[in-house]
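Welcome! Here are some exercises to work through with the structure open beside you. Try each task yourself before you read its solution.

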Amino acid sequence: MLAGGAGAGIHVEQIRQSFRGLAILAVFGPDRPTLGISELAGELGLTRSTTHRYAATLATLGYLEQDGPTRRYRLGPRVLDLGFSTLGSLELREVAAPHLRRLTDTTGPTSNLAIRDDTDVATVDNIEPMYRLLERLGMRATKTVWPVACPEGSRNFATSQTLEDPEYLAFVRDLENRGFEVTWHGATMESSKRERTLAGLERFHELIGHYPRIHANHAENRENLYWGTERIDQPLLKFLFGRMAHPPGYFVGHRKDSPYWWGDLCERHILYARNLTFGDLNLASINPSMPYHDPARPLVRYWFSSTDAEDASAFADLLHPRRQQALEAQGGFCIVATHIGKGYVRNSLVDPLVEERLAMLARRPGWFPTVGQLLDWLRERREADTLSAGEWRRMQWRWARDLMVRKWKTRRR
Ligand SMILES: [Zn+2]
């Protein structure tokens, strides 16, 4: 009994130590080939003496090397022994991420966070610096696009670029080569009848090289599937929401008798679609069963939830250090739905608070993949595709409450 207890204690301690060891190695990157103890300690949020102990151990083992005169550390030759055969072309954080994740699957505390950037008002100018920052931090994200332009004009989204802009197309293609995920926000910024959706999907395939895997309904587009009051089932919420939004029958992408029908195409091409959004950073506490299949909304294979951050300021709020800490402590996961075109970049610079909070998040033990990677991983981990009636009921009320809070906050801004 006693021996078993001590053994388990050593095991946990070993995991904790290897975890910190990997976290230290992950701080080094092409832009930071050498680091001093103070810099390492600052990055990791550890004391100097603890950091020194770990760095010295890693150096003894050959994972770090110390430069004689400056006493700064760089990665040592044994890093290659970790089995990272592709290390040469990848940043260490990316290579270490699955290992860190496996370790924390055992220990608990870690952050898993994916960003979904909807393409509203996005142009190369107003998003590129943010994507460069994400890449520098070893993070990836999912970018939705509109493959075709909107010749009839658009009141709210006319400034957005689409894949018909050569400069934007080149940028988006390059993003995918860099490990970002490119996916679908409908054919274009305003409502599309079936012909345009069909043409848009084919155009996407032709330009990007595959069909999109992920869909998010856009604004008031009539081809949105199961949107408006059809997002939910609670009769009281349906009634209240129906008075605030479009009446039933407005969003008809899932109705075969409508000119906006594309439900069959969605079922064929799209694996994951977004439904309810919330205000909390940790979706594991609200919708632990995501991605889930909902037999009442069958043309979507799997639904996922998101945490809503409309623009840069909402995003910075969401990543408040207190929330980051809670996400990590709970070992949670999050898909943030935002619009990088909205206020993240001014004069070619990323908003300083967004940058500070993202950098803080990147230093935490965690995994910052694309939405598709995160959802694939969640699906692998669980047994059933279904959502319990209780979870769905709680989600709907929580969604309504969070929606009210967000509307109230926006009004006060
Ligand atoms: Zn949108």
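Two strands pair if DSSP finds at least two bridges between them. Keep that rule at hand for the first exercise, and remember that this is a predicted model.

**Exercise 1. The neighbours of strand β3**

Task: Find out how many bridges join β3 to β4, and then look for the other strands that β3 pairs with.

Solution: 
- Step 1. Start with β4, residues 141-145: three bridges join this strand to β3, and the two run parallel. Three meets the requirement of at least two bridges, so the strands pair.
- Step 2. Move on to β9, residues 333-338, which is parallel to β3 and joined to it by six bridges. Here D117 has T338 as its bridge partner.
- Step 3. Finish with β12, residues 366-367, where two bridges link the strand to β3, again in parallel. S111 faces G366 of β12.

**Exercise 2. Is β3 buried or exposed?**

Task: Decide how far strand β3, residues 111-117, is enclosed, and check each of its faces.

Solution: 
- Step 1. A residue is buried if 20 or more other C-beta atoms lie within 10 Å of its own. Seven of the seven residues of β3 are buried, so the strand is largely enclosed by the rest of the structure.
- Step 2. Now take the faces in turn. S111, L113, I115 and D117 lie on one side, with N112, A114 and R116 on the other, and all of them are buried. Both faces of β3 are therefore covered.

**Exercise 3. Two pairs of helices**

Task: Describe how α5 packs with α6, and how α2 packs with α3.

Solution: 
- Step 1. The axes of α5 (residues 124-136) and α6 (residues 166-177) come within 11 Å and cross at roughly 15 degrees. Angles under 35 degrees count as roughly parallel, so α5 is roughly parallel to α6.
- Step 2. The crossing of α5 past α6 is left-handed. V124, E128 and Y131 of α5 meet E167, Y168, F171 and L175 of α6. Sorted by class, this contact has five nonpolar, no polar and two charged residues.
- Step 3. For α2 (residues 37-44) and α3 (residues 48-61), the axes are 9 Å apart and the angle is about 110 degrees. Values from 65 to 115 count as roughly perpendicular, which is why α2 is roughly perpendicular to α3.
- Step 4. On the α2 side the contact is made by I37, S38, L40, A41 and L44, and on the α3 side by R48, T51, H52 and A55. These divide into five nonpolar, three polar and one charged.

**Exercise 4. Some backbone details**

Task: Look at the backbone angles of N347, S348 and the bond between M290 and P291.

Solution: 
- Step 1. Most residues other than glycine have a negative phi, and most peptide bonds are trans.
- Step 2. N347 has a positive phi near 50 degrees, and S348 has a positive phi near 65 degrees. N347 lies in the loop between β10 and β11, and that loop also holds S348.
- Step 3. N347 is exposed, with 5 other C-beta atoms within 10 Å; S348 is exposed too, with 9.
- Step 4. The bond joining M290 and P291 is cis, with omega about -5 degrees. P291 sits in the loop between β7 and β8.

Definitions and conventions. Residues numbered from 1 in each chain as written. Predicted model: local features only at pLDDT ≥ 70, side-chain atom pairs only at ≥ 80, totals over all residues. Axes fitted to C-alpha atoms, helices over the stretch in contact; angles between N-to-C directions. Helix = DSSP H or I, 4+ residues; strand = E, 2+ residues; numbered from the N terminus. Parallel < 35°, antiparallel > 145°, perpendicular 65-115°, else oblique. Left-handed = near helix turned anticlockwise from the far one by under 90°. Contact = placed C-beta atoms within 7 Å. Nonpolar A, V, L, I, M, F, W, Y, C, P; charged D, E, K, R; others polar. Buried ≥ 20, exposed ≤ 12 C-beta atoms within 10 Å, placed from the backbone.
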